[in-house]
Amino acid sequence: MIHRPSRREVVKTAASLTVAGALGPRGATRALAEAAPQTSHIDALLREATNAGEVPGVVALAATDNGTFYEGAFGRRRLGEAATMTRDTVFGVASMVKLITSVAALQLIEQNKLSLDAPVPDIDPAIGAPQVLDGFDAKGVPQLRPAKRPLTLHHLLTHTSGFAYRLWDAKAVRYANAIERLPPAKRKAAPRTPLMFEPGDRWQYGTSIDWVGRIVETVSGDPLDVYFRNNIFDPLGMKDTSFVLSPRQYARQASVHRRGPDGSLTAEPLEPMAKRQASAPRSFSGGGGIYSTAPDYLTLIRALLGGGALDGARILRPETVVLMGQNQIGDVDVGVLKTTVPLLSNDVDLCPGVTCKWGFGHMINMRAMAGGRGGGSMTWGGLLNTYYWIDPGKRIAAVFMTQVLPFADGRALRLYRQFERGVYAAV
């Protein structure tokens, strides 16, 4: 069953989070200075990894209730060039926008403009009258049927909707290939994104939060980038988080590097600024495509660690943040994502050997990680090997950013886990 905390639990947790969120930037500066001797081993491991070419460069930050106590930037923004990683390096953080979109939807729930458990707004037949893929006939033609239950925002926020990414779902790949072979009229009538299972039956990472972004735009009346800026980024002072980069941000952007079969890294070209501006999208996705910096993203997760507020700016109520960190998928487990495109992603298992659930916006490890975060911590990442975690029990939030493909890169994940263990050893 889904755990809905009692009023006593909510009040107790919210009170502690509110006090934690009241600590300001002076505390962060003091924490950095005091922690420097205890975090030199983190510097050493990150420096060694970039010098050895394990990753091209990395920026990693960690904070407690007292503020940021570790900042490290090592390696290069682009291998073979002079520009080094700095704390304000800009990264493509891809799916880490999903947490931001989830916060936006929860804000609208707090304002009674959306409901978690009512059918979602009927903004498109794909979610208003969803079709479930039941299999394929003897000729390979997809067999579809109407969903037995309506989609809710709860389904979408927890990835139990049935929507999947083809990158990690072979059945979705087969469907896409099958409809391409249909006659033009039938191909046009076939839904582009059917559900892979009945809403609520399973967990599968997919396009659910893209739909949440569309819902946020419809209900708020604002384009997604405008809503984010007015209600999340500006209140928190996140000046470097955006779907479209300014020339100054572009100058600080790290290049994507692709891992070769021999373990080597090759930098991919950055699209020229003029071409990027000319082809800038007019609409944006709640599921990917955003840029940020490690300090900006740490600001967001520090606000959540602080019960929805930081330095006097509140983006969510404490009781809402409590729900974000609760198991919201009941007896269903978060499974290992099996890749269908190894050039873009390895198989994804961010907490090997640990049962994981999903809350609102994050994956939750149900027991402690050896030498690291405690049970009940929240985490997720982005396609280019950017990651974060929030540990509400041990009061730690951290972010780790590099730019490497494929996702769940073994060497990047090893360094991320070493960084995590280094953080807990320091505190």
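The following legends describe close-up views of a predicted model.

Residues are numbered from 1 along each chain as its sequence is written, and side-chain values use heavy atoms, leaving out hydrogens and water. Because the model is predicted, local features need pLDDT of at least 70 and side-chain atom pairs count only at pLDDT 80 or more, whereas totals for chains, interfaces and linings use all residues.

**View 1. An open sheet of 7 strands, in the order 2-1-15-14-13-12-11, with antiparallel pairing.** Strands are DSSP runs of E with at least two residues, and helices are runs of H or I with at least four, both numbered from the N terminus; two strands pair if DSSP finds at least two bridges between them. Strand 2 (67–75) and strand 11 stand at the edges, and each has a single partner strand, so one side of each is left without a neighbour in the sheet.

**View 2. The antiparallel pairing of strand 12 (residues 363–365) with strand 13 (residues 377–382).** These two strands are joined over 3 bridges, and S377 in strand 13 is the bridge partner of N365.

**View 3. Helix 13 (residues 294–305) lying across strand 1, strand 2, strand 14 (386–391) and strand 15.** Helix 13 runs at about 155° to strand 15, where angles run from 0 to 180 degrees between N-to-C directions and axes are lines fitted to C-alpha atoms, for helices over the stretch in contact, contact meaning heavy atoms within 4.5 Å.

**View 4. L343 in the loop between helix 14 (318–324) and strand 11 (356–358).** L343 is exposed, with a relative accessible area of 60%, exposed being over 50%, buried under 20% and partly exposed in between (1.4 Å probe, protein chains only).
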